[in-house]
Amino acid sequence: MVTDPIADYLTRIRNAVMANHRIVEIPSSKMKKEMTKILFEKGYILNYKFEDETKPGVIKIALKYHPVSKISAVNSLVRISKPGLRKYVDADHLPRVLNGLGIAIISTSQGVMTDKEAKVKKVGGEVLCFIS
């Protein structure tokens with residue numbers, strides 16, 4: 001059993017990027033599916049597939065690399081809110097990652113979204129991670 005599934009999700013992606021893997025498989029959950037959709041929409045991953053036929057369910061993520069230099073689209077993945085210390089922010093104090101070049105994934109009462117979407121909707125929530 002994993003104590004922090006979101007940290008496990010980020011670590012699996014981080015390790016796959018460092019090993020230059022093309023595809024990474026991650027155990028599925030609703031939160032991880034929403035985070036994967038955000039990563040795809042923002043261009044950090046090439047594609048994804050949810051395979052729910054198996055009992056635990058699996059998310060297959062195709063990682064995105066530059067065609068010439070082979071540098072990954074994901075530079076850093078940082079877990080902010082941890083099980084032992086949750087980080088909550090209101091709509092007025094949403095974080096900016098790399099002065100707006102990265103994204104923060106926020107879990108709000110209206111669902112999981114990026115910091116920019118939360119600012120537009122004027123909602124706060126738990127800061128899950130920073131991605132750049």
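Tutor: We may begin with strand pairing, where Asn 47 has Ala 62 in S3 as its bridge partner. Please keep in mind that this is a predicted model.

Student: How many bridges join S2 to S3, and do the strands run parallel or antiparallel?

Tutor: S2 and S3 are joined by six bridges and run antiparallel. Another of the pairings links Glu 51 to Val 58 in S3. The two strands form a hairpin with six residues between them. In the turn, Gly 57 has a positive phi of about 80 degrees. Lys 55 also belongs to the loop between strand S2 (45-51) and S3.

Student: Is Lys 55 buried or exposed?

Tutor: The cut-off for exposed is over 50% relative accessible area. Lys 55 has 82%, so the residue is exposed. Its C-alpha lies 10.0 Å from that of Ser 28, a residue 27 places away in sequence.

Student: Which other strand pairs with S3, and how many bridges join the two?

Tutor: S1 is joined to S3 by five bridges, and these strands also run antiparallel. Here Val 24 has Ile 61 as its bridge partner in S3. As a general idea, side chains in a regular strand alternate between the two faces of the sheet. In the case of S3, five of its six residues are buried, and the strand is mostly covered.

Student: Which residues of H1 are buried, and what do they pack against?

Tutor: The general idea is that an α-helix has 3.6 residues a turn, so residues three or four places apart point the same way. In H1 the buried residues are Ile 6, Asp 8, Tyr 9, Leu 10, Ile 13, Ala 16 and Val 17. They pack against strand S1 (23-27), helix H2 (30-41), strand S3 (58-63), strand S4 (77-79) and strand S8 (125-131).

Student: Which residues touch the most other members in the largest nonpolar core?

Tutor: A nonpolar core is read as a set of buried nonpolar residues joined through side-chain atoms. The largest has 25 residues, of which Tyr 9, Ile 13, Met 35, Ile 61, Leu 63, Ile 105 and Ile 131 touch the most other members. At least two residues of this core come from each of H1, S1, H2, S3, strand S6 (103-108) and S8. H1 gives the most, with six residues. Apart from this core lies another, of eight residues, among them Ala 104, Met 113, Val 123 and Val 127.

Student: What does Ile 131 touch, leaving aside residues up to four places away in sequence?

Tutor: The contacts of Ile 131 are Leu 39, Tyr 44, Ser 76, Leu 77, Val 97, Gly 102, Ile 103 and Ile 105.

Student: How many aromatic pairs are there, and how is each geometry named?

Tutor: There are two aromatic pairs. Phe 40 and Tyr 48 have ring centres 5.3 Å apart and planes at 75 degrees, so this pair is edge-to-face. Tyr 48 and Phe 50 have ring centres 5.0 Å apart and planes at 45 degrees, so that pair is tilted. Phe 40, Tyr 48 and Phe 50 form one aromatic cluster. The charged end of Lys 33 sits over the ring of Phe 50, 5.4 Å from its centre.

Student: What are the relative accessibilities of Phe 40, Tyr 48 and Phe 50?

Tutor: Phe 40 has a relative accessible area of 36% and is partly exposed. Tyr 48 is partly exposed at 24%, and Phe 50 is partly exposed at 24%.

Student: Where is Asp 90 found?

Tutor: Asp 90 is in the loop between strand S5 (88-89) and S6. Its relative accessible area is 38%, so Asp 90 is partly exposed. The C-alpha atoms of Asp 90 and Lys 116 are separated by 13 Å, with the two residues 26 apart along the chain.

Conventions: Residues numbered from 1 in each chain as written. Predicted model: local features only at pLDDT ≥ 70, side-chain atom pairs only at ≥ 80, totals over all residues. Heavy atoms only, no water. Buried < 20%, exposed > 50% of the residue type's maximum accessible area, 1.4 Å probe, protein only. Helix = DSSP H or I, 4+ residues; strand = E, 2+ residues; numbered from the N terminus. Contact = heavy atoms within 4.5 Å. Phe/Tyr/Trp six-rings, centres within 6.5 Å; stacked < 30°, edge-to-face > 60°. Lys NZ or Arg CZ within 6 Å of the ring centre and 35° of its normal. Core = buried A, V, L, I, M, F, W, Y, C linked by side-chain atoms within 4.5 Å. Pairing = 2+ DSSP bridges.
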